[in-house]
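Me: I would like to learn how to read contacts, strand pairing and packing from a model, one feature at a time. Please give the general idea and then the case at hand.

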Amino acid sequence: MLNTIYRKSVIVCVLLLLPLSIASAQKVKPQAKPKPLLATVKQVSGIAQRLVPGKPNKWVNLKIGDKLSENTIIRTGFRSKVVLAFEDKSIVTINRATKMGISEFRRKGKLTKMKVGLKYGSLHARVERAR
């Protein structure tokens, strides 16, 4: 008898909670995929090149207006400088005799994530404050 009452109470609880769990599952928003962003070459002085993706040892000269994506490697000569403007309003100046790469530049919601690697040389970055 107690066993039957226990079973009925469990079934009633499950039936009462089922609509609540379905309603809460419908309100959950799917996670947005991170959107890849681009950097634009704003200034080039001297010799500056980027590595062509998928073609080792194939370097192409940079020119103003070039769009650079993730996994881009850049090198500058001895009397060179490159200024990159990123979509999040960050500015990166790549100084002379530098080799660097943009390994990640993505936006997910209001968060922007950038990873830059420096093989040798120097660079200066001005990053906009998050709002």
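Me: Which residues does lysine 115 touch, not counting residues up to four places away in sequence?

Reply: Contact means heavy atoms within 4.5 Å, and by that criterion lysine 115, with residues up to four places away left out, touches Gly101, Ile102, Ser103 and Glu104. This is a predicted model, in which local features need pLDDT of at least 70 and side-chain atom pairs count only at pLDDT 80 or more, while totals for chains, interfaces and linings use all residues. Residues are numbered from 1 along each chain as its sequence is written, and side-chain values use heavy atoms, with hydrogens and water left out.

Me: Where does lysine 115 lie, and is it buried, partly exposed or exposed?

Reply: Lysine 115 belongs to strand 10, where helices (H or I, at least four residues) and strands (E, at least two) are DSSP runs numbered from the N terminus. Buried means under 20% relative accessible area, exposed over 50%, and partly exposed in between, using a 1.4 Å probe and protein chains only; lysine 115 counts as partly exposed because its relative accessible area is 43%. From C-alpha to C-alpha, lysine 115 is 9.1 Å from glutamate 70, a residue 45 positions away in sequence.

Me: What elements make up the whole chain?

Reply: The chain has one helix and 11 strands, in the order α-β-β-β-β-β-β-β-β-β-β-β from the N terminus on. Of its contacts with a separation of 6 or more, 52% are between residues 24 or more positions apart, and 26% of its 131 residues are buried.

Me: Which residues of the largest nonpolar core touch the most other members?

Reply: In soluble globular proteins, nonpolar side chains tend to be buried together. A nonpolar core is a set of buried Ala, Val, Leu, Ile, Met, Phe, Trp, Tyr and Cys residues joined through side-chain atoms within 4.5 Å. The largest one here has 15 residues, of which Leu62, Leu68, Ile74, Val82, Leu84, Phe86 and Ile94 touch the most other members. Strand 2 (39–45), strand 7 (81–86), strand 8 (91–94) and strand 9 (99–108) each give two or more residues to this core. Leaving aside neighbours within four places in sequence, valine 82 has contacts that include Val41, Leu62, Val92 and Ile94.

Me: How many aromatic pairs does a search of the whole structure find?

Reply: Rings of Phe, Tyr and Trp (its six-membered ring) pair if their centres lie within 6.5 Å, and planes under 30 degrees apart count as stacked, over 60 as edge-to-face and the rest as tilted. The search finds one pair: phenylalanine 86 and phenylalanine 105 are edge-to-face, at 4.9 Å centre to centre and 80 degrees between the planes. The pair links phenylalanine 86 in strand 7 with phenylalanine 105 in strand 9, 19 residues apart, and both are buried.
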